[in-house]
Amino acid sequence: MAETQTEPDISYIASVTRLRAAAGMIFRDKDGRVLVVHPTYKDVWEVPGGTVEPDESPAGACTREIREELGLSVPAGALLCVDWVPASPPWDGGLMFVFDGGVLTADQIATMRLCPDELDRFEFVEPERLGEMLIPRLARRVVAALAAIGRGGVYLEDGVATSDRQSG
């Protein structure tokens with residue numbers, strides 16, 4: 001049977017939920033510490049990455065943001081997690097993608113150049129200290145992403161694996 005193309009229902013399309021999307025990358029050093037960055041425009045630490053722009057894929061956004069923020073040309077690696085974040089006005093709900101950036105070499109770390117309009121410092125943090133450095137939801141997301149390395153990506157809701165919600 002041939003597939004037929006129909007005219008889109010513009011009123012239906014207008015009613016479909018819109019989500020914001022962002023993508024970050026987990027980088028580690030040779031000691032297993034995680035790279036966190038401090039944005040110039042807010043007083044919290046984050047993982048490198050940023051907002052997905054119109055017509056851009058999450059992996060493409062992540063690669064672009066890493067190049068802009070850190071001066072590194074590193075493609076997005078394996079997808080570690082997708083985290084659905086509930087709306088928190090004025091923000092809509094969103095999907096946060098986290099990719100594996102692998103282990104940075106000493107040479108890569110030495111060549112990192114922070115974009116002064118976006119970041120003012122970076123630090124490599126032991127995984128057990130992530131809860132001290134990151135907001136709780138992001139800390140949960142990064143810990144889940146680290147646990148997924150080499151195992152396949154996981155789906156999270158507000159930083160918690162849905163299987164954990166059902167059992168906990």
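D158 is located in the loop between β7 (154-157) and β8 (160-161), where helices (H or I, at least four residues) and strands (E, at least two) are DSSP runs numbered from the N terminus. The structure is a predicted model, in which local features need pLDDT of at least 70, side-chain atom pairs count only at pLDDT 80 or more, and totals for chains, interfaces and linings use all residues. Residues are numbered from 1 along each chain as its sequence is written, and side-chain values use heavy atoms, with hydrogens and water left out.

The phi angle of D158 is near 55°, a positive value in a residue other than glycine. D158 counts as partly exposed because its relative accessibility is 22%; buried means under 20% relative accessible area, exposed over 50%, and partly exposed in between (1.4 Å probe, protein chains only). A positive phi is also found at D55, with a value near 65°. D55 is placed in the loop between β3 and α2 and is exposed, with a relative accessible area of 87%. A cis peptide bond joins P89 and P90, with omega at about 15°. P90 belongs to the loop between β4 and β5. Most residues other than glycine have a negative phi, and most peptide bonds are trans.

The chain contains 6 helices and 8 strands. Their order from the N terminus is α-β-β-β-α-β-β-α-β-α-α-β-β-α. Along the principal axes, the C-alpha atoms fill a box of roughly 55 × 40 × 40 Å. Of the 168 residues, 38% count as buried.

Salt bridges were defined by a side-chain nitrogen of Lys or Arg within 4 Å of a carboxyl oxygen of Asp or Glu. The search of the whole structure gives 15 of them. One of these joins D83 and R141, with the closest N and O atoms 2.8 Å apart. This pair links distant parts of the chain, since D83 is in strand β4 and R141 in helix α5, 58 residues apart. D83 counts as buried at 0% relative accessibility, and R141 counts as buried at 9%. Strand β4 (residues 79-85) also holds C81, which is buried with a relative accessible area of 1%. C81 lies 9.4 Å from L146, C-alpha to C-alpha, at a sequence separation of 65 residues.

A network of salt bridges links E53, E56, R64, E65 and E68. R64 and E68 both lie in helix α2, 4 residues apart, about one turn of the helix. R64 and E65 are both buried, the relative accessibility of R64 being 10%. E68, in contrast, is partly exposed, with a relative accessible area of 37%.

Grid points are joined across faces, edges and corners, and a volume is the space filled by probe spheres set on the points. The largest pocket has about 760 Å³ of space. It is lined by 28 residues, of which R20, A22, K42, E46 and M96 are the closest to its centre. Two or more lining residues come from each of β1 (20-28), β3 (49-51), α2 (58-70), β5 (94-103) and α5 (136-148). β1 gives the most, with 5 residues. The lining has 15 nonpolar, 5 polar and 8 charged residues, where Ala, Val, Leu, Ile, Met, Phe, Trp, Tyr, Cys and Pro count as nonpolar, Asp, Glu, Lys and Arg as charged, and the others, Gly among them, as polar.

The count of cavities of 30 Å³ or more comes to 1, and the largest cavity has a volume of about 30 Å³. The lining of this cavity consists of V37, P39, Y41, E46, V47, P48, G49, E69 and L119. By class, these residues divide into 6 nonpolar, 1 polar and 2 charged.

Definitions and conventions
1 Å grid on protein atoms, 1.4 Å probe; cavity = no way out; pocket = protein on both sides within 12 Å on 5 of 7 lines; lining within 4 Å.
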